[in-house]
Amino acid sequence: MGVSVPEANRPSLDAAPVAAGTGCTPVPGISLTIGRLRLETPLFLAPIAGHCDLPFRILCRELGGVGLASTDLLNSHAILRGSARTLELAATCDADSPCGMQLYGCGEDPLPEAACWAIDHGARLIDINMGCPVDKVAKKNGGSLLLRDCGATTLLAERIVRAVDRHAGGRVPVTAKVRLGWDPEHMVAPDLARRLEAIGIQAVTVHGRYTTQLFRGAADWGAIAQVVAAVHAIPVIGNGDISEPEHAAARMRESGCRGIMIGRAALRTPWLFAQTAAALRGGLASEPSLLEKLNVVLRHIDLLEQHTPIGSDSTHPHRHAVEQMHKRISWYGHTMGHVKPLKESIRTAPDLGAMRAVLQEWIERQSADHKQQQRS
Ligand SMILES: Cc1cc2nc3c(=O)[nH]c(=O)nc-3n(C[C@H](O)[C@H](O)[C@H](O)COP(=O)(O)O)c2cc1C
């Protein structure tokens with residue numbers, strides 16, 4: 001299997017939107033600048049392993065409002081030895097720009113080398129994962145484990161920043177994504193963010209939960225505000241439980257954070273970024289019609305077909321893409337009202353063609369209803 005990103009499809013570093021000067025320059029409107037990378041909006045699609053893949057990132061970008069989207073967390077060893085699965089996860093293209101690549105690992109791992117590889121393969125920003133609570137990652141080599149020793153973590157981050165600066169001439173910012181701490185007795189995020197800023201990290205994303213919480217309880221935006229207060233000038237991106245267009249402006253006002261990252265809600269409502277950007281600009285965030293939502297699902301199927309690696313099973317080459325949509329249709333369905341027959345037909349469709357046929361039928365019916373309403 002394995003996906004290699006054709007040279008021509010990799011966004012060139014020269015084409016990256018770069019802000020004049022260095023440091024974090026506030027830009028009028030709702031754009032956000034991280035180091036020398038200017039983002040159109042301060043809205044980030046969260047990395048969600050297994051879900052925020054290349055087709056989904058492109059879908060969210062096409063719908064509008066996304067400032068930056070990142071790959072899933074990538075293992076530095078797997079990148080450097082060319083593991084097929086990791087190269088698939090790292091795949092990007094022009095339609096997925098600007099793309100961040102997220103790396104995980106600890107002091108012994110070749111993170112600086114992997115970061116340089118990522119830049120050569122399309123990354124416009126390198127993010128270090130300091131928040132993954134999953135045992136496979138956090139028990140031995142990275143993720144949330146990095147929250148337990150801020151001194152060692154800062155030294156590791158400094159090595160990555162130096163390598164990236166040398167490799168990309170200061171054009172690619174290095175950022176970190178943290179949780180508040182390992183547990184509520186050890187809230188390290190403000191101190192860690194301050195130390196990271198001092199060694200050249202250009203932005204910190206804070207998921208407002210502790211590692212021991214996993215995803216339980218509500219995200220603590222008061223604690224995110226403490227991180228904002230602790231840093232000198234870099235943007236803090238707040239993350240946790242944003243699910244409505246008006247949440248972002250309210251959270252930014254309350255906490256002082258300069259950007260917002262949206263994760264699980266985007267899986268149901270990929271149009272949330274466009275709605276949120278409209279709300280941040282002071283406009284109206286209208287809800288897409290059922291017809292528009294059906295077209296989003298249809299587009300997602302096209303993108304899955306175009307950008308999901310072909311499986312080795314020649315009788316069922318798009319198996320992975322089909323399985324993805326079997327899983328995702330119920331999330332979309334939650335936003336569509338009474339569409340049980342649609343969900344059922346997609347969930348049992350054997351291939352992408354059958355899914356398209358079901359959607360086309362629903363789209364035609366909705367279009368006819370729409371025309372009828374306009375006439376009457
Ligand atoms: C299934 C799953 C996988 C995730 N994978 C990653 C990951 O690869 N890297 C990362 O930094 N965070 C990961 N996260 C955390 C999200 O990026 C985000 O911080 C979290 O979901 C909180 O944001 P939300 O409330 O908007 O979903 C994952 C979360 C979930 C639920």
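**Figure 1. The buried face of helix α7.** In helix α7 (residues 189–198), the buried residues are Ala189, Pro190, Leu192, Ala193 and Leu196. They sit on the same side of α7 because they cover an arc of only 165° around the axis, the arc being that of the directions from the helix axis to the C-beta atoms. Buried here means that 20 or more other C-beta atoms lie within 10 Å of a residue's own; 12 or fewer make it exposed, anything in between partly exposed, and C-beta atoms are placed from the backbone. Helices (H or I, at least four residues) and strands (E, at least two) are DSSP runs numbered from the N terminus. The cover over these α7 residues includes α6, β7 (174–179), β8 (203–207), α8 (221–230) and β9 (236–239). Just past α7, glycine 200 adopts a positive phi of about 110°.

A word on the model: it is predicted, so local features need pLDDT of at least 70 and side-chain atom pairs count only at pLDDT 80 or more, while totals for chains, interfaces and linings use all residues. Residues are numbered from 1 along each chain as its sequence is written.

**Figure 2. Helix α1 under cover.** Of the 10 residues of helix α1 (residues 54–63), 9 are buried. These are Leu54, Pro55, Phe56, Arg57, Ile58, Leu59, Cys60, Arg61 and Leu63. Their packing partners are β3 (43–45), β4 (68–75), α10 (264–268), α11 (272–280) and α12 (290–307), where a contact needs C-beta atoms, placed from the backbone, within 7 Å of each other.

**Figure 3. Where α4 meets α6.** Two packed helices are described by the angle between their axes and the distance between the axes. For α4 (residues 111–120) and α6 (residues 150–168), the axes come within 8 Å and cross at roughly 35°; axes are lines fitted to C-alpha atoms, for helices over the stretch in contact, with angles from 0 to 180 degrees between N-to-C directions. From α4, Leu111, Pro112, Ala115, Cys116 and Ile119 take part, and they meet Leu156, Arg159, Ile160, Ala163, Val164, His167 and Ala168 of α6. This set of residues divides into 10 nonpolar, 1 polar and 1 charged (Ala, Val, Leu, Ile, Met, Phe, Trp, Tyr, Cys and Pro count as nonpolar, Asp, Glu, Lys and Arg as charged, and the others, Gly among them, as polar).

Figure 4. Most residues other than glycine have a negative phi, and most peptide bonds are trans. Leucine 214, in the loop between β8 and α8, has a positive phi of about 50°. Leucine 214 counts as exposed because it has 11 C-beta neighbours inside 10 Å. Between β9 and α9 (245–255), the loop holds aspartate 241, whose phi is near 70°. With 19 C-beta neighbours inside 10 Å, aspartate 241 counts as partly exposed.

**Figure 5. Arginine 328 in helix α13.** Arginine 328 belongs to helix α13 (residues 319–333) and counts as partly exposed, with 19 C-beta neighbours inside 10 Å. Its C-alpha atom is separated by 24 Å from that of glycine 100, 228 residues away along the chain.

Definitions and conventions:
Two residues are in contact if their C-beta atoms, placed from the backbone, lie within 7 Å.
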